[in-house]
Amino acid sequence: MSNEPVDVLIIGAGASGAAVAWSLADTRMRILCLEQGDWVNPANYPSASAGYETRQDFAIRPNDRRLDVDYPINDDDSPVKVVNFNGVGGGTILYMAHFPRFHPSDFRTRSLDGVGDDWPIDYKTLEPYFAENDRMMGVAGLAGDPGCPPKEMQLPPVPLGKLGERIAGGFNELGWHWWPSESAIATEPYDGRDRCLNLGPCSSGCAQGAKASTDITYWPHAIRAGVELRTRCRVREITVDKKGMATGVIYYDENGVEQEQKAAVVIVACNGVGTPRLLLNSVSTAFPDGLANGSGLVGKNLMLHAMAVVQGQFDSRVDGFMGPIGCALWSKEFYETDLSREFKRGYTMEIVRGSGPTGTALGGMMMGMLPWGSEHHAAFDQLFDKAGSIVAVGEDLPEEHNTVTLDPDVVDSNGIAAVKISYTLGENSRKMIEHAGERAKEVFNAAGAIKTSPTISSGVSSGHSMGTARMGTDPTRSVVNEWGRSHEVKNLFVVDSSVFVTSAGVNPTSTLQAVSLYIADSMKKRLANLFD
Amino acid sequence: MSEILASDSTYTEEERALLTRLCDLMIPAGEDRPSAADPEVFKDILSRLSTHDAVLKPVLATLATRSLDELPASEQLEVINQHRETCATFFQVFESQVIQAYYANSIVLTSLGVNAPSPYPAGYDVQETDWSLLDPVRDREPFYRKLELEE
């Protein structure tokens, strides 16, 4: 391994790091990416083994996985628990591949609705990058959704299955919008990936390789184009010179040996939790409060989404454990602000398919619905393959008291300070959750469900971490400028969902990758005067 | 089964007998499903429980004094339930491990219409969607919020 200086150093090989690496590769610059985790072998994913439903090594929460490549996240002070994955592919290894884009209005919430803030860029700016990203990831869906701006699809939609069709019938009964989800899943062979086999648990990795995780989408292309990717390299801090320019990083290699890597440009792509962690850990005389933190906003305005989950139970089997767990259909019926409601902005309703036998039994036992004794089998049969959930992904407004900070008491396996999440659901989010939960119950009832659960909003998990290094034109109110460059450190860029100004009411991966491609393109257009 | 049980030294013979009894009480045999005490299932349960002896053994010792085998099945369940509040961790661990072993058993899975212990490589056939379901939605005009500058 050589630590020769490079032109561009990218930290993090996940959704955004892969996209920016691929995009910059055509500059012929020397590009290196450092990733704290490993490559993942799809043969090791749980869905390829018995007992797949309870394997913890691919659990969505790092606090459950407890792998040495993970860093601890103290989320005790948050009703929403943080999800991530540390490895090549990052969060896309475990995401559900639900792939909606932010809507045009999401970039203008202050102007339109008097809440949140406006972004310094808009949907039109990102549109070509959305399309480019869709082509790289391969998006399954159906054109013509009246709830979204028009776009092209690469692949036919994921089948709804019996569960999806029943719930779609409920939406139709109510006269509410629904549409097959846009999904980063190869429903037909695409770019070297084979077609989806409807395995079910996309959220513990796709053994078939049909799901678009960036280890099998962007990275093979980026590496062929000359980008170097080093795994098990955990960056401790970004270093700076006396002029306040980034000079590279200090990292620990796979043997735990401290290394120094020099670079002309440093790009941070560690998501809404990892990025502020790294910036806050990068203290120096010039930056005593953390790198690029002159605004004091690094780690603030954390948004995790307002989630409302309702489970519905039917009287017959719905093939609920078959098919991509998080991709069937969505509804934009309540996406935009409606002044007759008690909250601003809105949410997307999405279906989550049901559990397999073990998950069903564990859940049933936990909820007291699965007794001991002769009634056990009948009770299980009432639960198994007869349930599904509607999850509302609601727009969480940026609030400075929702933070990612360094945990003074916890360190990772290299002794680097871990993170603490301090997060509360605001009044707007609580009202939105209440509204969404009631609407989800209406859908289930209209679909013929025999039972619905209470609305669950606490203890839910979210991999949607946003807003902790927001972009903007005002250096006192933002961390990076409108094309991702730090206001203070002219050769430091942030390309992940940390730069989001608002959270929208959709899953963020499509948009964060589009933002990453947009920033890469902005850099390429300014190569001659990138640091001016 | 005896060879397998004999090779497991975590639990005594009496403790294994009691665990077997508890498994059968929790999930007895059904029409097309085995009891959790069926030797093929129980060996997997016992394997799972072998790392939880610190939690289980004290409660097993208490239950051993209740002579479950001498009671009718319904009364045995009553006795078990009397310990639920005071032995919550025991039940949490025991039930979780029994379920994980039982619902991964191939006979059980087959009876549920799940024909493989793991989804990969066979996968599942999901019925083709009848997209005429979308007709009412297709009839709607685009309703996403257009911004003046972008119209």
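Trainee: Where do I start with chain A: how many helices and strands does it have?

Mentor: Start by counting elements. Chain A has 11 helices and 18 strands. Keep in mind that this is a predicted model.

Trainee: And how do I judge how compact chain A is?

Mentor: Set its radius of gyration beside what the globule rule gives. For chain A the radius is 22 Å, close to the 24 Å from the rule for 532 residues, so chain A is as compact as a globular protein of that length. If you'd like the dimensions, the C-alpha trace spans about 70 × 50 × 45 Å along its principal axes.

Trainee: What share of the residues in chain A is buried?

Mentor: Buried residues make up 61% of the 532 in chain A. Then look at how far apart in sequence the contacting residues are. Take the contacts in chain A with a separation of 6 or more: 73% of them come from residues 24 or more positions apart.

Trainee: Which residues does A:Met466 touch?

Mentor: Leaving out residues up to four places away in sequence, A:Met466 touches A:Gly272, A:Met303, A:Ser497, A:Phe500, A:Ser503 and A:Pro508. As for A:Pro5, 461 residues away along the chain, its C-alpha atom is 31 Å from that of A:Met466.

Trainee: Now chain B. Is B:Gln82 buried or exposed?

Mentor: B:Gln82 has 11 C-beta neighbours inside 10 Å, so it counts as exposed. B:Gln82 belongs to helix 5 (residues 73–82) of chain B. Between the C-alpha atoms of B:Gln82 and B:Arg33, which are 49 residues apart along the chain, the separation is 28 Å.

Trainee: How do I read two packed helices?

Mentor: Two numbers describe them: the angle between the axes and the distance between the axes.

Trainee: What about the two chains together: how many residues does each give to the contact?

Mentor: Chain A gives 50 residues and chain B gives 40. On the chain A side, the elements giving two or more residues are helix 4 (123–137), helix 5 (161–174), helix 8 (357–366) and helix 9 (376–383). That side of chain A divides into 23 nonpolar, 20 polar and 7 charged residues.

Trainee: At what angle do helix 8 of chain A and helix 6 of chain B cross?

Mentor: Roughly 155°, and the axes of helix 8 of chain A and helix 6 (residues 88–102) of chain B come within 9 Å. That makes these two helices roughly antiparallel. The crossing is right-handed. Making the contact are A:Thr358, A:Ala361, A:Leu362 and A:Met365 from helix 8 of chain A, with B:Glu95, B:Ser96, B:Ile99 and B:Gln100 from helix 6 of chain B. By type, the residues of this contact are 4 nonpolar, 3 polar and 1 charged.

Conventions:
Residues numbered from 1 in each chain as written. Chains lettered and ligands numbered in written order. Predicted model: local features only at pLDDT ≥ 70, side-chain atom pairs only at ≥ 80, totals over all residues. Contact = placed C-beta atoms within 7 Å. Helix = DSSP H or I, 4+ residues; strand = E, 2+ residues; numbered from the N terminus. Nonpolar A, V, L, I, M, F, W, Y, C, P; charged D, E, K, R; others polar. Rg over C-alpha atoms; globule rule 2.2 N^0.38 Å. Buried ≥ 20, exposed ≤ 12 C-beta atoms within 10 Å, placed from the backbone. Axes fitted to C-alpha atoms, helices over the stretch in contact; angles between N-to-C directions. Parallel < 35°, antiparallel > 145°, perpendicular 65-115°, else oblique. Left-handed = near helix turned anticlockwise from the far one by under 90°.
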